[in-house]
Amino acid sequence: MKKIALITGATSGIGKATALKFAENNYDIIITGRRTEKLEELASEIEKTSNSKVLQLCFDVRNKQEVEDSLQSIPENWKKINVLVNNAGLAVGLNTIQEGEVDDWERMIDTNVKGLLYVSRTILPMMIENGFGHVINIGSIAGKEAYANGNVYCATKFAVDALTKTMRIDVLKHGIKVTAIHPGAVETEFSLVRFKGNAEIAKNVYNGFTPLKGEDVADAVFYAANLPLHVNINEIVIMPTAQASTGYFHKV
Ligand code: NDP
Ligand code: 8X3
């Protein structure tokens, strides 16, 4: 039987690259996101380029009921999930706290923290029942170091770091692996979302240096997910060579 990977936020960027990487390597894939047409496009790409089966689930990770209903509705033969990649997430806005928009904060907290918790709360009991599983949380360098105007986004990713560490303790006795992958700058739809659709500002973020690609992060996720049973990677911090930390870039 093939292994199964569930990837949240697979409609673009890191999640999409991760879905393709696992599919190329013989996993059946459960892909999730809010944009149905993007899920359909990815499903047909996977089906054309690999022998993997794909299950599409369209839901908003911020909606607890939708998350539970959708994940509980997975057919029994799809419930033997080997790897859950908690990737769905976003930054919205880049402001000081005193000038910040409360709606932006709520979107980030609800998606990056509560969404990850809702998905994990539903999938972990299945993994425990199966007697195996691996949760890989996509954190960020923003969850390791604070940066100017990053406030709430950084806080959500510091929370992902803390939740990864505590989750590892919670499921220790069940033999379930828990890993965090913390990337630096990756060129995806991330900045377009952060700057609310302003493509020019979003593009400028990556000017003058070579950022990571979604595929680079997907490789790290895949590496962590495919080690011997007795080996767990607690975390990987993966950066562009031209980025030393959140605030230090070598731009030419
Ligand atoms: P993208 O914007 O390209 O992808 C984000 C994904 O998350 C999309 O598939 C989106 O799907 C999904 N998503 C967002 N909100 C929701 C929601 N409420 N419900 C369900 N799915 C949702 O960005 P990235 O690929 O860059 O981001 C992926 C993860 O990587 C995020 O957690 C991000 O914080 C993290 N990260 C990104 C870095 C970067 O520089 N790009 C660096 C470090 C970490 P849809 O819109 O269809 O719902
Ligand atoms: C995304 C990387 O540095 O823009 O998590 O916050 S950063």
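View 1. An oxygen atom of ligand 2 lies 2.5 Å from an N or O atom in the side chain of Ser 140. In this predicted model, local features need pLDDT of at least 70 and side-chain atom pairs count only at pLDDT 80 or more, while totals for chains, interfaces and linings use all residues; side-chain values use heavy atoms, without hydrogens or water. Residues are numbered from 1 along each chain as its sequence is written, and chains are lettered from A and ligands numbered from 1 in the order in which they are written. The side chain of Tyr 147 has an N or O atom 2.6 Å from an oxygen atom of ligand 2. For Tyr 153, a polar side-chain atom is 2.6 Å from an oxygen atom of the ligand. Ligand 2 taken alone exposes 240 Å², and the protein buries 83% of that (areas by the Shrake-Rupley method with a 1.4 Å probe).

**View 2. The shell around ligand 2.** Ser 140, Ile 141, Ala 142, Tyr 147, Tyr 153, Phe 190 and Arg 194 surround ligand 2 (a heavy atom within 4 Å). By class, this shell has five nonpolar, one polar and one charged residues; Tyr counts as nonpolar and Arg as charged.

**View 3. An aromatic pair.** The structure holds five aromatic pairs (ring centres within 6.5 Å; planes under 30 degrees apart are stacked, over 60 edge-to-face, the rest tilted). The ring centres of Phe 22 and Phe 222 are 5.1 Å apart and their planes are at 75°, so this pair is edge-to-face. Phe 22 in helix 1 (residues 13-24) and Phe 222 in helix 8 (residues 214-225) are 200 residues apart, and the pair links distant parts of the chain (helices are DSSP runs of H or I, at least four residues).

Definitions and conventions:
Polar contact = N/O pair within 3.5 Å; in protein donor to acceptor, adjacent residues only side chain to side chain. Phe/Tyr/Trp six-rings, centres within 6.5 Å; stacked < 30°, edge-to-face > 60°. Helix = DSSP H or I, 4+ residues; strand = E, 2+ residues; numbered from the N terminus.
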